[in-house]
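Biologist: I am new to this structure and would like to go through it with you step by step. Could we look at the model together?

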Amino acid sequence: MRYALILLSLGLLALVVISYAWSAPPQLAGPAQPTSTGRPPAIAEQPTASPLPGILDSLSPENTPPRLAREQFRTDFAKHSVPYTEIQAGGPRKDGIPAIDNPAFVDAAAADEWLGEREAVILVQVNGDARAYPVQIFMFHEIVNDTIGGEPVAVTYCPLCNSGAAFERTFDGQVLDFGTTGYLRNSNLVMYDRQTESWWQQATGEGLAGEFSGRQLEFVPAALVSWTDFTEAHPDGKVLSRETGFAKPYGLNPYTGYDQSSVPFLFDGPAAPEVLPLLARVLTIDGEGEAVAYPYEALADVRVVNDTVDGMPIVVLWSPGTASALDTSSTAQGVDVGAATAFKRELEGDSLTFVLDGERIVDEQSGSEWNVLGQAVSGPREGQQLDAVVSINHFWFSWYAFKPETRVWRPSSESASEPAPSQVTATTNLDNDFSILVYQGQDILGGDATSLSQVLGLGKPVVLNMWAAQCPVCRGELPRLQELYEKYGDRVVFLGIDVGPFVGLGTGDDALQLMDQLEITYPNGTTPEVSVIRDYQVLGTPSTYFMKPNGEIMQQWTGAMGDKQLDGFIQALIEASQS
């Protein structure tokens with residue numbers, strides 16, 4: 001471990017030295033170029049003249065884009081869906097990490113000469129056209145603008161988050177070409193399209209700034225699997241060539257030891273609950289009303305998971321034999337982390353249930369055997385293919401930063417899926433009473449000072465939300481609680497407790513200003529008793545407790561919740577309190 005961290009530190013130091021090479025405009029193949037070996041640490045931006053003096057500079061930091069960005073991009077930075085304070089310079093300038101715009105391909109036999117059996121590739125298949133994009137190439141390019149099966153597609157990979165994702169490039173009637181901005185948000189690649197120079201989040205496909213701010217790219221299913229998995233399933237498939245027009249040391253890992261680190265690189269987002277290591281690998285599915293993360297460590301034990309996400313029956317498959325590209329100095333020689341994929345369980349009108357039979361994955365209905373790419377390889381269904389579900393590999397810290405309401409799948413004896421570890425049946429009772437200094441809602445709570453026991457004495461169930469003014473997740477959740485207060489406030493007491501001073505995330509004045517800014521009117525206050533953090537097991541903010549009038553806590557949740565989930569918990573609380 002110490003050796004790996006030393007190598008990583010030395011690698012990052014070397015990257016600082018060659019940062020100007022990253023910033024240079026990309027050159028086509030010709031005389032040998034100095035090769036870059038990864039993304040360098042952030043470089044402090046030096047003050048330069050603003051093209052709009054006295055206008056942009058007068059805005060708040062949340063609304064002011066980075067100075068160097070304004071010099072390099074013609075983006076309409078007045079339009080943005082996230083605060084610019086969340087975006088950091090990653091080191092390279094615009095296109096300093098060059099996207100591949102005219103990809104060339106070779107057949108499997110030619111790629112065998114330089115790809116290891118366990119080496120990771122991103123598999124994308126559109127209209128029967130299956131292509132493999134080696135991660136060793138993405139280490140130095142991160143984006144490939146391609147056309148697959150006649151459809152324009154961008155295939156992307158962010159090494160810092162281990163996230164591979166593909167998107168449709170046809171958007172609003174035009175075909176977009178993507179490049180790298182040189183900026184990061186939550187340690188994740190921020191892309192831009194060359195047509196409007198809008199900025200996009202690689203992890204989510206969300207438009208961050210510019211003309212398409214707040215818009216959403218359409219995902220194309222992509223799987224991170226081994227080279228062997230790809231060739232066995234698609235022996236005639238195409239493979240991205242290393243003849244890219246750039247002189248890069250493909251096959252070398254510039255992030256040696258990164259996935260053994262306990263600290264993400266250039267990450268300043270919300271702290272993930274310690275239910276998983278920060279750099280634990282997860283396969284993620286993001287439905288309209290539910291997001292789920294499947295930890296690789298748990299998948300390796302069971303190999304197959306039958307689950308339901310957003311009402312859709314799905315199966316998650318795991319198979320050994322894929323090397324981590326972020327482990328050793330060679331992308332082909334890393335530790336075996338396996339491959340995980342997700343598919344719909346419904347096929348030709350049948351709902352299938354998958355089980356592990358020894359080392360074989362079979363469906364109970366026909367006994368057919370299936371591989372990790374959702375293909376039936378023997379039995380009555382041989383040759384059939386399951387429909388892929390859009391699922392993305394991530395490190396846990398990265399996914400949680402964008403989807404804090406995520407359910408984390410865990411195996412259990414009763415079913416294939418259980419609630420996230422952050423959702424637990426609480427054992428806390430009213431022995432843990434605490435005093436409350438009321439910010440607002442004195443007419444409901446009965447004065448400027450009260451206690452939780454007195455609030456429960458009102459005879460109604462209580463939604464108790466512990467939050468902090470400088471918690472970005474809390475800022476997004478408070479308006480949702482306000483909406484539900486307006487819906488259920490006659491039957492439920494909504495009570496916010498500002499714990500910011502205890503966790504270093506804002507003062508009481510900060511809390512009052514935020515409530516005023518967001519127009520929060522439901523009862524809120526704080527407490528002088530720091531023991532509330534221990535007594536109520538506040539693992540992070542926000543933490544929400546759904547309490548019956550007798551003080552029994554039905555549910556406890558750490559992190560934000562989706563609208564449907566939050567509404568469902570409140571309805572269940574009302575029903576339980578009436579029984």
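Biologist: How many cavities of 30 Å³ or more does the structure hold?

Modeller: Please keep in mind that this is a predicted model, so that each value here is computed from predicted atoms. A cavity is a place where a 1.4 Å probe fits but cannot get out. With a volume of 30 Å³ or more as the limit, the cavities in the structure number three.

Biologist: Which class of residue has nine members in the lining of the largest cavity?

Modeller: The largest cavity holds about 90 Å³ of space, and 15 residues line it, with Asn-162, Leu-224, Arg-281, Ala-323 and Val-337 lying nearest its centre. Sorted by class, the lining has one charged residue and five polar ones, while the class with nine is nonpolar.

Biologist: Is Ser-368 buried or exposed?

Modeller: Ser-368 sits in the loop between strand 25 (360–363) and strand 26 (369–370). Beyond its neighbours within four places in sequence, Ser-368 is in contact with residues that include Ile-361, Val-362, Ser-378 and Pro-380. Because its relative accessibility is 0%, and the cut-off for burial is under 20%, Ser-368 counts as buried.

Biologist: With which residue does the side chain of Ser-368 form a polar contact of 2.8 Å?

Modeller: A polar contact is a pair of N or O atoms within 3.5 Å, and the 2.8 Å between these two side chains falls inside that limit. The partner of Ser-368 in this contact is Ser-366.

Biologist: What span is expected for helix 11 (residues 472–488)?

Modeller: Helix 11 has 17 residues and reaches 25 Å from its first C-alpha to its last.

Biologist: Which side chain makes a polar contact with the side chain of Gln-260?

Modeller: Gln-260 lies in the loop between strand 16 (238–240) and strand 17 (281–286), and Gln-260 is partly exposed, with a relative accessible area of 30%. Its C-alpha is separated by 8.6 Å from that of Leu-326, a residue 66 positions away along the chain. The polar contact of the Gln-260 side chain, at 2.3 Å, is with the side chain of Asp-327.

Definitions and conventions. Residues are numbered from 1 along each chain as its sequence is written. This is a predicted model: local features need pLDDT of at least 70, side-chain atom pairs count only at pLDDT 80 or more; totals for chains, interfaces and linings use all residues. Side-chain values use heavy atoms; hydrogens and water are left out. On a 1 Å grid over the protein atoms alone, a cavity is a set of points where a 1.4 Å probe fits but cannot get out, and a pocket is an open set with protein on both sides within 12 Å along at least five of seven lines; lining residues have an atom within 4 Å of a point. Grid points are joined across faces, edges and corners, and a volume is the space filled by probe spheres set on the points. Ala, Val, Leu, Ile, Met, Phe, Trp, Tyr, Cys and Pro count as nonpolar, Asp, Glu, Lys and Arg as charged, and the others, Gly among them, as polar. Helices (H or I, at least four residues) and strands (E, at least two) are DSSP runs, numbered from the N terminus. Buried means under 20% relative accessible area, exposed over 50%, partly exposed in between (1.4 Å probe, protein chains only). A polar contact is a pair of N or O atoms within 3.5 Å; within protein, one must be able to donate a hydrogen and the other to accept it, and residues adjacent in sequence count only if both atoms are side-chain atoms. Contact means heavy atoms within 4.5 Å. The expected span of a helix is 1.5 Å times one less than its number of residues.
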